[in-house]
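This report describes one protein structure for a reader who is new to the subject. Please keep the sequence and the three-dimensional view at hand while reading.

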Amino acid sequence: MRYLILSDLHANSTALEAALSAVAGRWEGVVCLGDVVGYGPDPNEVVDRVRALQAKTIRGNHDKAACGLENAEDFNPVARAAASWTHEHLRPDNLIYLQELPSGPLEADGLALVHGALHDEDEYVFAPAQALDGLLESPSPVTFFGHTHFQGGFSFRDNQLEVIQLRPEPGAGFAALRVEQGTRYLLNPGSIGQPRDGDPRAAFAIADLDNRVVEFWRVPYDIDAVQQRMKRAGLPEPLILRLAFGR
Ligand code: ZN
């Protein structure tokens, strides 16, 4: 099976639609690593789309805050304001959908899915030391995580941990990673709706374990259109500005 791996969509339907049209016909199933909503102006559109795609989805910290499972106390003021805006604007059926999302780790056809770290869905895995648990203890050799909004990840083989920095060049759609037998991987598809790794294009991945390849994709989208909707919605200025920089 070829899986489309989505993460950190953050209620950005323009980015999601651009990503989906760029890879139409290239996948057979969809998984989603959480943070479907939060920050962006289109919570219902994005939840509706994820539901329609029948994506195997786990929850993220922003989903928990927006649907009322958590009170967003540990969010910064800007994120908290966006969470409460999202809560007010979600339709009741979408609120319930988010409340019922499972936490990771979830296994899907040989892939393990987590939002943050393997043992803590809210932990940010940036450094190799933080990646070790996921690499060594995950139920699957290939684990996907999100939460940091950084495309890339880590591999582990013969006691060697390597950082994977594999991003498509400007103008290229994707960069491919060969999945080697006997190597364990902790991979981040990057963020659809709010990339923070310096590349403002929507980020995601396609995993084809039968053919032992993971593609890391970047797709440009109409950032200005999203910023206009965020302004009209009264969402916080820093969230609007950062989309253009991918930071
Ligand atoms: Zn996120």
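The sections below treat the basis of the model, the metal site, the strands, the helices and some individual residues.

## Basis of the model

This is a predicted model, in which local features need pLDDT of at least 70 and side-chain atom pairs count only at pLDDT 80 or more, while totals for chains, interfaces and linings use all residues. Residues are numbered from 1 along each chain as its sequence is written, and side-chain values use heavy atoms, with hydrogens and water left out.

## The zinc site

The zinc ion has as its protein donors Asp-8 (OD), His-10 (NE2), Asp-35 (OD) and His-149 (NE2), at 2.1 to 2.3 Å. Donors are N, O and S atoms within 2.8 Å of the metal (3.2 Å for Na, K and Ca); water is not among the atoms, so sites may look incomplete. The arrangement is irregular because the 4 donor atoms subtend angles of 85 to 178° around the zinc ion. Four donors count as tetrahedral if all angles lie between 85 and 135 degrees; four count as square planar and six as octahedral if opposite donors are over 155 degrees apart and all others between 65 and 115; anything else is irregular.

The spacing of the donor residues in sequence is D-x1-H-x24-D-x113-H. Distant parts of the chain are linked by Asp-8, in the loop between β1 (2–6) and α1 (13–22), and His-149, in the loop between β6 (142–144) and β7 (152–157), which are 141 residues apart. Helices (H or I, at least four residues) and strands (E, at least two) are DSSP runs, numbered from the N terminus. Asp-8 is buried, with a relative accessible area of 0%, and His-149 is buried at 1%. Buried means under 20% relative accessible area, exposed over 50%, and partly exposed in between (1.4 Å probe, protein chains only).

## Strands and sheet

Two strands pair if DSSP finds at least two bridges between them. Strands β7 and β8 run antiparallel and are joined by 5 bridges; Gly-153 stands opposite Ile-164 in β8.

In a regular strand the side chains alternate between the two faces of the sheet. Strand β9 is joined by 5 bridges to the antiparallel strand β12 (residues 213–219), where Val-214 stands opposite Leu-177.

## Helix packing

Helices α1 and α2 (residues 43–52) pack at an angle of about 30°, and their axes are 9 Å apart. This angle makes α1 roughly parallel to α2. Axes are lines fitted to C-alpha atoms, for helices over the stretch in contact, and angles run from 0 to 180 degrees between N-to-C directions. Angles under 35 degrees count as roughly parallel, over 145 as roughly antiparallel, 65 to 115 as roughly perpendicular and the rest as oblique. Ser-13, Leu-16, Glu-17 and Leu-20 of α1 meet Glu-45, Val-46 and Arg-49 of α2, where contact means heavy atoms within 4.5 Å.

A second pair consists of α7 (residues 223–233) and α8 (residues 237–245), packed at about 175° with axes 9 Å apart. These two helices are therefore roughly antiparallel to each other. Among the residues in this contact are Ile-223 and Met-230 of α7, and Leu-239 and Leu-243 of α8.

## Individual residues

Ser-7 lies in the loop between β1 and α1 and is buried at 0% relative accessibility. Beyond its neighbours within four places in sequence, Ser-7 contacts residues including Leu-33, Gly-34, His-147 and Ser-191. Gly-60, in the loop between β3 (56–57) and α3 (61–66), is likewise buried, at 1%. Leaving out residues up to four places away in sequence, Gly-60 touches Gly-34, Asp-35 and His-115; Asp-35 is also a zinc donor.

Most residues other than glycine have a negative phi, and most peptide bonds are trans. Tyr-39 has a positive phi of about 80° although it is not a glycine, and His-147 likewise has a positive phi of about 80°. The peptide bond from Gly-104 to Pro-105 is cis, with omega near -5°.
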